[in-house]
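Please look over the sequence and the model below before reading on.

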Amino acid sequence: MHKISKLAVLTSGGDAPGMNPCIRSIVRTAIYNGLEVVGIRRGYQGLIEDDMFPMGTRSVSNILNLGGTILKTARCLPFRTDEGQEIAYQNLKKRGIDALVVIGGDGTFTGALRFSKSYPDVAVMGVPGTIDNDLYGSTYTLGFDTATNTVIEAIDKIRDTADAHDRLFFIEVMGRDSGAIALRAGISCGAEAILLPEKETAIDDLIENLKSGQSKKKSSSIVIVAEGDKHGGAYDIAKLVEKQVKNYDIKVTILGHLQRGGSPSAFDRVLGSRLGFAAVNALIAGKTQMMVGLEANYIKITSLEEALTQHEFKLEEDLMKMAEILSI
Ligand SMILES: Nc1ncnc2c1ncn2[C@@H]1O[C@H](COP(=O)(O)OP(=O)(O)O)[C@@H](O)[C@H]1O
Ligand SMILES: O=P(O)(O)OC[C@H]1O[C@](O)(COP(=O)(O)O)[C@@H](O)[C@@H]1O
Ligand SMILES: [Mg+2]
């Protein structure tokens, strides 16, 4: 078994609250175990540009409560090329780095697995960090809990004004391919309808549902639209509905990037700490091309290969049905 001595960490793809607690945990667990630690700025971009710096225990002081990522993040096109991957490898070798922890989503893991297959002498471990909660191998990903709470706080406020004016609101939440935030937020805020990318929305049913709400004297209605819905965003759906639902003052709100910011929740701080701790310990134990996750409240280690091939989101039909019944 190859014993590691110098570990690098990066954050990649969309930032997610909980990344900082995870970085802190990785740095301190590694140092506790006698490893040197290097931080890489802007994900794979910094790996290719050799933008790295040594990290000590104090370099991660007072970051548990911070949203975003102190390492910064990026979406990096050159890492998708063989040349980019080779430059990244040479930069790691030059510095004597023999282990890499990547915190990110499916794209980040795809890049890491490809890199690790070409250059297996650098051990690679993934930590699921994305507000979209769409990775196989972990019931929860970093940032999902905080983002959902941020969304709930915003929708509660919108509900107040919707109710005061008897209005119908279409609220767009993040999730290009994932309805995870939309579904949890919809249940938490008593949405009249939840539209997800994983399920084709029957506009006629939506219109019937809204009309029936009116006849039952609902004073306001909230429809949550995940940004990746097949009919388009909240504005497009509102236009389709507007023609047929009369006597309702319709408004649209796009929550946008505010959903990705903010101080991580207790859940995400604990999750980040646990996953970071587990990632370093797994590398020390000689594991590579894996990801750490949380299943049934226990750490679970899954191969990146499996995580990426199994990754289709399983639509939670039971929760959809429950949300529908509870909003009658
Ligand atoms: N097929 C791939 N080969 C190499 N690198 C990739 C590949 N897919 C994604 N990446 C790298 O991972 C980065 C993050 O992926 P992205 O999909 O943007 O975010 P996330 O990791 O949150 O899903 C990309 O910008 C790119 O550098
Ligand atoms: O900030 P950007 O680059 O516009 O990306 C927006 C996307 O990032 C996310 O917040 C997170 O996606 P990833 O985990 O794939 O990075 C999506 O919900 C959203 O569609
Ligand atoms: Mg992704």
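The paragraphs below take up the domains, then a helix pair, then the ligand.

The model is predicted: local features need pLDDT of at least 70, side-chain atom pairs count only at pLDDT 80 or more, and totals for chains, interfaces and linings use all residues. Residues are numbered from 1 along each chain as its sequence is written, and chains are lettered from A and ligands numbered from 1 in the order in which they are written.

The protein chain is assigned domain 1 (6–143 + 264–309) and domain 2 (145–260), with bounds from an automatic or database domain assignment. Their C-alpha centres are 34 Å apart. Contact (C-beta atoms, placed from the backbone, within 7 Å) joins 15 residues of domain 1 to twelve of domain 2.

Two packed helices are described by the angle between their axes and the distance between the axes. Helices here are DSSP runs of H or I, at least four residues, numbered from the N terminus; axes are lines fitted to C-alpha atoms over the stretch in contact, with angles from 0 to 180 degrees between N-to-C directions. The axes of α5 (residues 144–165) and α6 (residues 180–189) come within 9 Å and cross at roughly 45°. That makes α5 oblique to α6, oblique being what is left after under 35 degrees (roughly parallel), over 145 (roughly antiparallel) and 65 to 115 (roughly perpendicular). Residues of α5 in this contact include Phe-144, Val-151 and Arg-159; those of α6 include Ile-181 and Cys-189.

Around ligand 1 there are 17 residues, counted when the C-beta atom, placed from the backbone, lies within 6 Å. The closest are Gly-13, Gly-105, Gly-107, Thr-108 and Gly-111. Helix α4 (residues 106–118) gives the most to this shell, six residues.

Terms used
Helix = DSSP H or I, 4+ residues; strand = E, 2+ residues; numbered from the N terminus. Contact = placed C-beta atoms within 7 Å.
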